[in-house]
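Please look at the protein shown here and work through it with a set of questions and answers.

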Amino acid sequence: MANFPTIDSELLRTFVAIADQGGFTRAAEVLNRTQSAVSMQMKRLEEDVLQRALFLKEGRQLGLTAEGQLLLGYARRILKLQSEVMSSLREPHMVGSVRVGTPDDYVMRFMPSILARFAQTYPMVQVELHCEPSFHLLQRKDLDLTIVTREPGKEIGQLLRQEQIVWAQAAGFDLNEQSSLPLAMFNAECFCRDWACNALDTMGRDYRVAYTSPSLSAIMAVVSAGLAITAQLQSLIPADMRILGVDDGLPTMPSASIVLLRNAQTRSPVSECLADYIADGFRL
């Protein structure tokens, strides 16, 4: 049997952090290491262990080679299994509670699968979900973990994913019949609403905010009824709605960042474990 070298899990952890953060500098910050230490680890992984190039430059961005993409999938699975093994063997009876704040947007889209997987491994942990807009969640100090939407360039905490904001309407809705475009949006503190209104103002398109709600399901119900259009993260748009763009006479919208904040005052093994599950769930 061939004697293949083994890969240190710390090398894999650093490699995944670089892939997720898009570069060595941000990965070093997340891992609380120096950039030179991170570079040395990757040099060891590429030259000594795998003897394959894993990274390539894409303009100012750092991308992955075909081998790097292949390794990334394996690395995620290895680290996830390692975490589950250690958690099950070392803390099989982990109990306690964790308070999670999240906008209503993500509750139906992401949280069910995350919480189902977490509960399967840690059935004795109580999870409290607090659903509020990002603006209000950022003011709270009593939450252990907080998921918020941020503008590009204003990311704080752990970046979970970046997504394009898109316009959407019901299949039978006709924009050309609307002299003043009706919008269904979140309440006034939502920066996505500000972006949508500013973009329409810039292009001189007449509109009115006809429906507001803190609930995504309420907004989508209005849009599904053909009463208005909305602008939301692309992953939140149901399959039966039509995504609109420049060809429909609407402005292009920017992307937004979904980030995870940890409360340093209440950090615990329970909250850290759930944070890992949340990061995996949003990435998938």
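Predicted model: local features only at pLDDT ≥ 70, side-chain atom pairs only at ≥ 80, totals over all residues.

Residues are numbered from 1 along each chain as its sequence is written, and side-chain values use heavy atoms, with hydrogens and water left out.

Q: How many helices and how many strands does the protein chain have?
A: Helices (H or I, at least four residues) and strands (E, at least two) are DSSP runs, numbered from the N terminus. Counted in this way, the protein chain has ten helices and eleven strands.

Q: Which feature does UniProt place at residues 7-65?
A: The span is 63% helix and 14% strand, and its end C-alpha atoms lie 19 Å apart. UniProt positions are given in the numbering used here, feature names are shortened, and annotations may be inferred rather than shown by experiment. For residues 7-65 the record, an unreviewed entry, gives "domain: HTH lysR-type".

Q: What percentage of the 284 residues in the protein chain is buried?
A: A residue is called buried when its relative accessible area is under 20%, exposed when it is over 50%, and partly exposed in between (1.4 Å probe, protein chains only). Of the 284 residues in the protein chain, the buried share is 43%.

Q: How many salt bridges does the count come to?
A: A salt bridge is a side-chain nitrogen of Lys or Arg within 4 Å of a carboxyl oxygen of Asp or Glu. By this rule, the count comes to twelve.

Q: Is E163, whose side chain meets that of R161 in a salt bridge, buried or exposed?
A: The side chains of E163 and R161 meet with 2.8 Å from N to O. E163 has a relative accessible area of 7%, and because that is under 20%, E163 is buried.

Q: Which side chain meets that of D142 in a salt bridge?
A: D142 is partly exposed, with a relative accessible area of 33%, and R140, at 22%, also counts as partly exposed. The N to O distance in their salt bridge is 2.7 Å, and the partner of D142 is R140.
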